Amino acid sequence: MKRASAIILLVLLVALFLTGCWDRIDIESRAYILGIAIDKYPPHPGEKEKNDSEAASPQEEEKFEKMELHAGDRKYAMTIQIPILKKAQTVSAGTGSGGGGGEGSSTWEITQIGSSFISMNREILSRTNLIPYYEHLQVIIISEDVARQGIEDVLDFFVRDQEMRRRVKLFVSPGEAKSILDVKPRTEDFSAMYLAHIPMNSTKNSRMVHEVDLGQVINYIHQGYDFVLPRVEATKDEIKTSGAAVFKKHKMVGWLSELEVEAFKFIVNRFLGGIIVTEISEEMAAETGENGLISLEVLRTKTEITPITEGKNPSLRIDIKVEGNYAEEINIHTHGRLRKEFLIKAEKQFAKEIENLCKKTIRKVQQEYEADIFHFEHIFRTKKPAYWKQVEKHWEVIFPELEVDVNVEVEIVLTGIIK
Amino acid sequence: MKIIEKKKNPKNLKIMSENDPPKLSSEEKVDLTLSKSVEENLEKFKAFLEESSDAVFREFKLGSQGIPCALVYIDGLVDKTIIHNHILKGLMYEIALLESKRGDAIDLDKAFSAVKEHALTVADIKIKDTLDECMKFVMSGEVALMVEGSDKIIIVSARGWPTRSISEPETEGVIRGPREGFTETLRMNTALLRRKCKDPNMVIKTISLGRRSKTDVAYVYIKGIANEELVEEVERRLATIDVDQIMESGQVEQWIQDSPLSPFPQVQVTERPDITVAGLVEGRVAILVDNSPFALIVPAGMYQFYQSPEDHYDRWIISSILRTLRWIGSLVATFTPATYVAIISFHPGFLPTQLALAIAATRANVPFPAFIEALLMETTIELLREAGARLPKLIGQTIGIIGGIIIGDAAVKAGITSPTMVLIVAVTAITSFIIPSYSAAIAFRIIRYPLIILGASMGMYGVMLGFIVVNIHLVSLKSFGMNYMAPQAPLIPQDWKDFIIRLPHSFLKRRPVQYYPVDIDRVDQDAIKR
């Protein structure tokens with residue numbers, strides 16, 4: 001009896017290990033996809049020509065890029081960026097091989113053209129010895145053409161697959177998305193990693209949209225909210241992200257400029273820090289001279305939006321409180337004379353600057369794009385639920401006509417380390 | 001236990017004697033009861049000891065009547081100055097002076113009491129009336145004195161043999177604290193305990209174990225603190241030991257522990273008298289074995305093995321930080337290689353991207369899977385450690401340098417292993433030394449291997465399974481009725497004062513509840529609120 005149970009236990013234990021090393025793929029035999037660029041296919045005629053002149057033998061390359069399809073049309077071109085670890089300077093820490101660095105690119109961009117993203121992903125397996133691995137995916141760059149068609153279909157695979165992470169950052173590129181992955185940044189081996197780190201500077205620069213990751217965007221899409229995504233542009237060896245793409249539902253409708261992004265971040269209370277520059281007022285000019293410029297380094301902001309439903313038409317009041325550092329002055333000289341009265345005037349001037357910017361931006365978004373990227377809808381829904389029920393169906397009509405009052409208060413709390 | 005017994009294992013003795021009949025054994029040559037004749041008694045000792053060169057039989061005559069007397073002792077175990085100055089001098093010379101002063105001769109029937117009462121100038125004497133008992137004392141280094149006309153033998157204590165002096169314990173060094181450690185002599189060790197605790201309630205009971213070795217084993221406890229059931233249990237378990245020899249307390253430990261199959265030690269081992277007394281005062285029982293400088297303290301919980309002697313001597317913040325470090329260290333030592341293998345083989349997504357890429361780059365030229373690599377390196381480091389322990393100290397250091405630096409570097413350069421693996425193995429090796437208890441550290445090192453296998457075959461899922469299994473095993477262990485994982489499991493909040501964090505001494509006014517001490521209060525206190 002004892003012996004029998006021992007044998008049974010042993011068999012059960014062995015069964016535990018009989019699965020072998022299920023799912024075991026060693027770390028070095030995976031292809032770490034760092035970035036994905038999604039372009040429209042076929043590209044615009046103009047762009048196609050550019051491609052032809054650059055690639056050595058376009059036909060031959062395209063032979064691999066185009067896959068056989070079960071169904072559908074070749075609508076998308078997906079480019080993945082995988083690192084070539086032997087050539088990457090930042091990672092090959094003297095294994096006695098190659099010596100790190102080396103010539104040629106440290107990344108490999110593989111393009112696949114097809115109808116569905118999962119089939120393109122698996123088709124790539126026929127072209128690499130490594131197995132694509134998405135858990136370290138940093139960025140997805142969507143070209144404007146694709147974004148204008150709508151991104152819900154594009155993102156479906158990236159949120160459905162179990163290997164995907166919700167913290168992937170999304171960007172929209174006005175030109176070809178692949179060109180951003182092709183950039184060779186100077187301080188980093190992989191352009192995708194480089195790009196993914198730029199939004200972390202948003203505590204000091206307010207002109208880019210930060211914290212728009214895949215999970216959040218999918219939430220917005222599913223709840224029917226409008227939203228913005230950061231815009232990214234590239235030259236041959238530089239990447240710049242600033243400004244934003246405006247999405248109505250899941251389709252892109254236009255762009256916000258750098259300054260408009262600043263205003264957007266003030267309104268939605270996501271301004272982490274940045275610089276506001278303004279001209280001095282006439283009153284101040286009398287004291288210090290003409291044509292002065294003063295800069296405010298924003299340290300803290302707090303925005304409160306109050307819906308007002310009394311009266312004929314609904315309206316909103318936006319109160320923005322800004323605390324900042326009197327950071328710089330150009331063409332004026334207040335050395336040793338920086339008095340409280342002057343600072344109060346400066347505060348007013350900064351407030352006026354921010355107020356104008358916000359009002360202009362709101363008007364543009366209301367009238368040009370009719371997209372509620374500020375989520376005013378949410379304010380009404382949570383703060384005036386009864387009223388929201390009445391207007392819910394007409395919101396599309398109400399939003400562009402919504403009266404918005406912006407009040408900005410600026411307080412200068414520091415004047416730097418000189419007076 | 002008797003020292004002279006007939007037919008110790010009758011069954012096998014019979015079978016063996018049929019094949020090869022043995023010569024008459026000592027026990028059967030002579031009658032074992034003592035007689036009144038010195039000559040006959042001496043014959044009985046000689047039956048056993050005559051062939052041994054270190055046995056000394058000294059016959060002499062007492063007083064003017066010339067009463068025959070004899071001494072039996074083992075040379076080397078006795079202090080000869082005592083024999084010369086306090087036994088022979090008194091019996092052979094001073095008793096004659098006494099006789100002449102008094103003017104009467106000591107006759108045969110008064111000889112025994114005269115010797116005992118007037119001639120022996122030694123404090124510690126015993127009167128024994130069986131050969132067995134006398135033999136036991138003689139073999140322990142005392143002197144048997146026979147006087148004609150009495151069937152009793154006087155045992156004179158004259159023990160004195162070469163001993164190692166008290167030195168600093170090597171396995172439990174401290175920066176702050178007493179530097180003395182136990183030695184191989186039981187009596188010296190008990191003296192060290194008495195020096196540390198003058199409470200007359202401290203009981204030192206001795207039994208002898210081992211059919212042939214007759215090793216003295218002492219168990220020590222403080223009456224009025226130690227739970228009586230615990231003392232009884234210790235007595236019972238010691239009594240069950242049936243072996244022919246006991247050389248070291250490690251043998252006793254293995255006989256009395258609760259789960260001999262477990263890799264985890266269930267008895268605390270220490271070389272330090274201060275730790276032993278601290279244990280006694282908590283209500284535990286210490287077991288000292290003659291010829292072994294290691295004392296055993298029971299019961300012992302897991303948390304004992306994380307405590308260093310210094311924890312109570314250093315300031316409490318320092319001790320608390322160090323103890324926390326030891327707990328973390330033991331987890332690192334046990335689970336790091338398995339977790340590493342699991343992450344490398346299954347879940348690179350756990351790592352930050354830069355690190356994943358860096359590890360992938362360093363592993364690009366390694367031909368083995370992470371599992372083989374880990375086994376290879378872990379085994380190498382165990383080999384180095386074992387070699388270092390066996391070699392003389394000076395060469396041991398050299399081996400450490402060769403092993404640690406040269407082999408590690410060469411293995412990476414040769415493409416057998418990745419630098420990350422070397423780092424993991426080194427970290428594991430170092431952290432496994434942070435655990436003060438040597439035997440507990442070994443246990444953690446052993447369970448690392450099955451965990452690596454689990455990690456390599458089932459990933460983090462396997463490592464977690466392993467963690468759960470280890471924990472189930474630990475909470476099910478008991479040591480002399482005490483839960484091994486107390487005060488964690490079962491949770492005993494009042495004992496947490498001296499667990500991972502050691503609170504200042506003013507908070508530690510009660511003894512740990514987990515030992516069920518008879519007296520819970522270390523000092524006078526209000527009654528426990530219920």
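Student: Which strands does helix α12 of chain A lie across?

Tutor: In this predicted model, helix α12 (residues 340-369) of chain A lies across β11, β12, β13 and β14 of chain A, and its direction runs at about 145° to β14(A).

Student: In what order do the strands of that sheet stand, and with what pairing?

Tutor: Strands of a sheet pair through backbone hydrogen bonds, either parallel or antiparallel. Here the sheet is open, with 4 strands in the order β11-β12-β13-β14 (chain A) and mixed pairing. Its edge strands, each pairing on one side only, are β11 (274-279) and β14 (403-414) of chain A, while the twist from one strand to the next averages 40°.

Student: In which sense do β12 and β13 of chain A pair, and over how many bridges?

Tutor: Strand β12 (residues 293-308) and strand β13 (residues 315-330) of chain A are antiparallel, pairing over 15 bridges; within β13(A), A:Ser315 is the bridge partner of A:Ile308. Helix α10 (residues 258-267) of chain A also packs on the sheet, where it touches β11, β12 and β13 of chain A, and its direction makes about 50° with that of β12(A).

Student: Which residues touch the most other members of the largest nonpolar core?

Tutor: In soluble globular proteins, nonpolar side chains tend to be buried together. In this model the largest nonpolar core has 129 residues, of which A:Ile142 and A:Val228 touch the most other members, and α12(A) contributes the largest share, 9 residues. Beyond its neighbours within four places in sequence, A:Val228 has contacts that include A:Val209, A:Phe247, A:Phe264 and A:Ile373. A second, separate core of 38 residues has B:Val220, B:Ile225, B:Ile246 and B:Val298 among its members.

Notes: Residues are numbered from 1 along each chain as its sequence is written. Chains are lettered from A and ligands numbered from 1 in the order in which they are written. This is a predicted model: local features need pLDDT of at least 70, side-chain atom pairs count only at pLDDT 80 or more; totals for chains, interfaces and linings use all residues. Two strands pair if DSSP finds at least two bridges between them. Helices (H or I, at least four residues) and strands (E, at least two) are DSSP runs, numbered from the N terminus. Axes are lines fitted to C-alpha atoms, for helices over the stretch in contact, and angles run from 0 to 180 degrees between N-to-C directions. Two residues are in contact if their C-beta atoms, placed from the backbone, lie within 7 Å. A nonpolar core is a set of buried Ala, Val, Leu, Ile, Met, Phe, Trp, Tyr and Cys residues joined through C-beta atoms within 7 Å. A residue is buried if 20 or more other C-beta atoms lie within 10 Å of its own, exposed if 12 or fewer, and partly exposed in between; C-beta atoms are placed from the backbone.
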